[in-house]
Every structure is written in structure tokens, then in C-alpha cells.
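Here is a friendly tour of a few side-chain arrangements. Please have your viewer ready.

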Amino acid sequence: CSGKAQPEAAPSSQRGKRKASPEPSAAASQQRGKSEAPLEPSEGSKRGKGSKKRKGTGKKKAATSTGEQAAPASPGASHASSSSSAVSSPLRWPHPPAYIRNPENAHDPAMKDALEAYDELQCKYRAKRNGKLMARSSGFLIDWDEGSKEGTVLTSARIICSKYTALTQWSGTDEYVPDAEIIAHLLDEDETTVPAILFRYDKHINIAVLKVNLDLCAKIPRFSSDINYGQEILVLGRDERLNMTIAHGCVNFMGPTTYERHHYLFTGCEPSIGGMVIDFDGHVLGMANFPGTAYIPSSIVLKCLDMWKKFQCIPRLHIGMKLSPIKFLDPIHVERIFRKCNIDSGLIVKEVSHGSIAEELGVRPGDVVDSVNGECVATTVELENLIMRICENHLDQGGAIGSCMDILVGILHMRKGRKGPRHTLSLRLNVSDDVEVFISDCAWSFDDRILTFPP
């Protein structure tokens, strides 16, 4: 599935009003949110309920296509399959420079300046377009009910995101339009389009689930959580003409930078936002997502879908730390840490959120988190899975969103490049289903590349 969205521009009193026609007029499009989305064709597919044949010669569609090509939907998605623009504007969304798109530069100190400059260009573009943007995302069916003919589509929440920052995902300044009108393109021989309804979305994980009516024989892909670093993968998506794109890469030996959320893995190739990441057996390993080469592994995706089914939300704990795995450092660095500290696994604290419980308890950049509730954690994805499982158990036992719970975090303190004491800290944290906002303090930041020990 691929999709595109124009965010809500009308006042709240006008939101939610819909016309019967699935092809609204240009004037109506300026007054309410609009999104469109194509689904992958299946053998024996037919037109869906309420469908309309997509005409390639229509002026409105041609204008939409021009808009899609003009503007990438995210800083890391310079590829044509995920883009963002105003429908009628010839202005072009600022193209992210190759320096930002190159994963080898992720830990370069100059990356911050590059992202700030790119973010400034985006702000200038938004000011010219008065906030009226379009978004598009790939997506794929994860369920289909033969009785009701209703399909469930997994895609990126970027399809309803009207404003976002290129500088960091931790700012909490992204804006979403959940009442945007969404159109799904089935990509069958008739190029059928059907209305899609936003069923769930999560701003922190950045995923969304859509519901569409499909009268077709749909083949649902199988998920696999068996992912190995260095494993070869394929990333599927769609270009600006809705033709399939296939990128070949591998699961990189790298963790998220301080600008990226903890639940991402990386492919080494520019993906199509919302597209499937698969192995050579066709099993789904995750969903490509913002930024750049990042994707959400299937273990996180499946846990989110299960939480939505059980609790209608995705509970999380805001731990107030940005972390980086020791195992992804260069071998010389890992060996030196092991020789001096007798540890070869864990998560290095790179930043501590100002005013957080972790800061109050004395956690500082350079410290190492080696366990949570007695379980060892070696990567940030392992940590995210563990935290979501802890929250699930809390809600199963009668807890609720907004309640507090205690977790035990094993911390090895590092002071002046030497191993310090190890403490088990009890962090009393709030269970939340909202996005985690990180408040940076330049006095408490850390670059693990300068972690050195005396000979």
C-alpha cells in the first residue's frame, strides 16, 4: 500500500465534514485533510466497495502526481516513493543533501549543523505553502476478513503528519492530522482507489493502521522476528509512478544516533517509507520508516499490534536517557572497555534528559546500563521490547495509562574514564501512551567515540 495525505487546513468546526464523492473538488481539498493510498494487487483481485477507477489523464491526478514528485515526505526519504508537497504549488521541497542521507556520517559531529540547516530550509518552504502539504507512504496488508471484506493495512504515521522536524525525533513538535481523508490505491489492473479509514496510529513508534474495504483474494505476508545483524534483506516500495522499487541491503551493525528513537534498525539502503523489509524467503522482517535507512523490526511491530488489540493503546515508559549499544562500537574500542571495565555488553548513556528521574538519581553520560528488572540488555531494540513487555504486564495486572510503576536499572558508573561503582537504581516512571519528549542539556551530553581509558 502506498498513500499520500494533505493535512487539515480548516478550523475545527469544519473538520470531519465529508462529501459523498471520493474525488473532492480543489476548493474542498483546501478546507479539510486529504490522503491517498495504493495497495499491492493480489491474484484474482476485484474492485473494492465504493471504489473508483483512477484516470491517468485527469488534470487533478496529474497535479497530484506533480506534487508528490516535488517533495519528499521526510528528511531521510529523498527517494520518490515517499514524498510531500502542496497539490498546486510549483515550489520544490528542499532535497536532503547526500551528506545527511549517507549512514556513514550518522555519528559525525557535523551532522547536527547539517540537520539544522536542512530544517531551516523546510521551515521556509512551509511558510511559503502556509502549512498545506501532502504526504505519501507505502504500506501493505496484514489482515483481511473474508466475511466483511475488510482489510487491515500497516503503514507509517507519516501519512497523516503535517509538520515534523529534521533535527531530532525527540523534540515532540511533530503535528498529525488524524481526521485527514485517506485514499488507498489498490494497484490492480484497473488502478482502483478506495477510501481508507485511520484505525490506529502511534506518534512515538511512528506507525499507523488503516481499514479498507476490499473485495479480493488477499495473500497476507508472514512476519518473522528472526533477524541477524549482517543479514541480507530487500526493501520493497513504490516510486512516484507507483511502480515497484526493490532495494538490496543488509541489517547494519549500528544503533540509533542521538537524533533517532531507540526502536530502529538500519538497512544501509534508502527505503520506501511504509514499505516491507523482507528476507530472501519473503518473510516480513519489519517496515521501512523515517529516517533514511531506518526500519521498525517486526518484533516491535507485532508487539504494537498486540497492544492495540488488548488495550487500544501502546503503553511505554519514558526513561529519560539516550542510549547507544557497546556491541556496535569498533572492535578496538570494545576490547579496551572490556580490558579496563570487564564489560563487553550494555548500553552507553549518551544523554540524560534534563529534569528526568534518571538525572535526579545521578545517572550521567558515559555510564553504562547493563540490565533492566534483572534482564540484560545489549541493544536499544532489546530494551524497547523489554519495556513494552513490562508495560503490558502492568496493564494486565490492573494498571492504567497515567499510573506510575518502578523499574530496576543496573547502572555501571564511569568517572573520568575509569570504572566506578555499580548501582541498581529504582526509577519510578509514568506509564504513557504519548510520544517521549527529550529535554537536552549540553552539560550532560556524551560522545562515545571519545571514551578513552588510561593505558
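## Ground rules

This is a predicted model, in which local features need pLDDT of at least 70 and side-chain atom pairs count only at pLDDT 80 or more, while totals for chains, interfaces and linings use all residues. Residues are numbered from 1 along each chain as its sequence is written, and side-chain values use heavy atoms, with hydrogens and water left out.

Let's begin with Ile387, which belongs to helix 8 (residues 380-396); helices (H or I, at least four residues) and strands (E, at least two) are DSSP runs, numbered from the N terminus. With a relative accessible area of 2%, Ile387 is buried. On this scale, buried means under 20% relative accessible area, exposed over 50%, and partly exposed in between (1.4 Å probe, protein chains only).

Beyond its neighbours within four places in sequence, Ile387 is in contact with Leu317 and Ile319, where contact means heavy atoms within 4.5 Å. The C-alpha atom of Ile387 is also 6.7 Å from that of Arg316, 71 residues away along the chain.

An unreviewed UniProt entry places "domain: PDZ" at residues 348-387; UniProt positions are in the numbering used here, feature names are shortened, and annotations may be inferred rather than shown by experiment. Over residues 348-387 the chain is 30% helix and 30% strand, with the end C-alpha atoms 17 Å apart.

## Aromatic pairs

The structure holds 4 aromatic pairs. Rings of Phe, Tyr and Trp (its six-membered ring) pair if their centres lie within 6.5 Å; planes under 30 degrees apart count as stacked, over 60 as edge-to-face and the rest as tilted. One of the pairs is Tyr176 with Tyr201, tilted at 40° between the planes and 5.8 Å centre to centre. Tyr176 lies in strand 7 (residues 175-176) and Tyr201 in strand 9 (residues 192-202), so this pair ties together parts 25 residues apart in sequence. Tyr176 is buried at 15%, whereas Tyr201 is partly exposed at 27%.

Tyr229 and Phe328 make an edge-to-face pair, because their planes are at 70°, with ring centres 5.0 Å apart. Both sit in loops, and the pair ties together parts 99 residues apart in sequence. Tyr229 is partly exposed at 25%, while Phe328 is buried at 16%. Together with Phe253, Tyr229 and Phe328 form one aromatic cluster.

## Lysines over rings

Which ring does the charged end of Lys211 sit over? That ring belongs to Phe199, with the charged end 4.9 Å from its centre. Likewise, the charged end of Lys322 sits over the ring of Phe438, 4.6 Å from its centre. A charge sits over a ring if NZ of Lys or CZ of Arg is within 6 Å of the ring centre and within 35 degrees of the ring normal.
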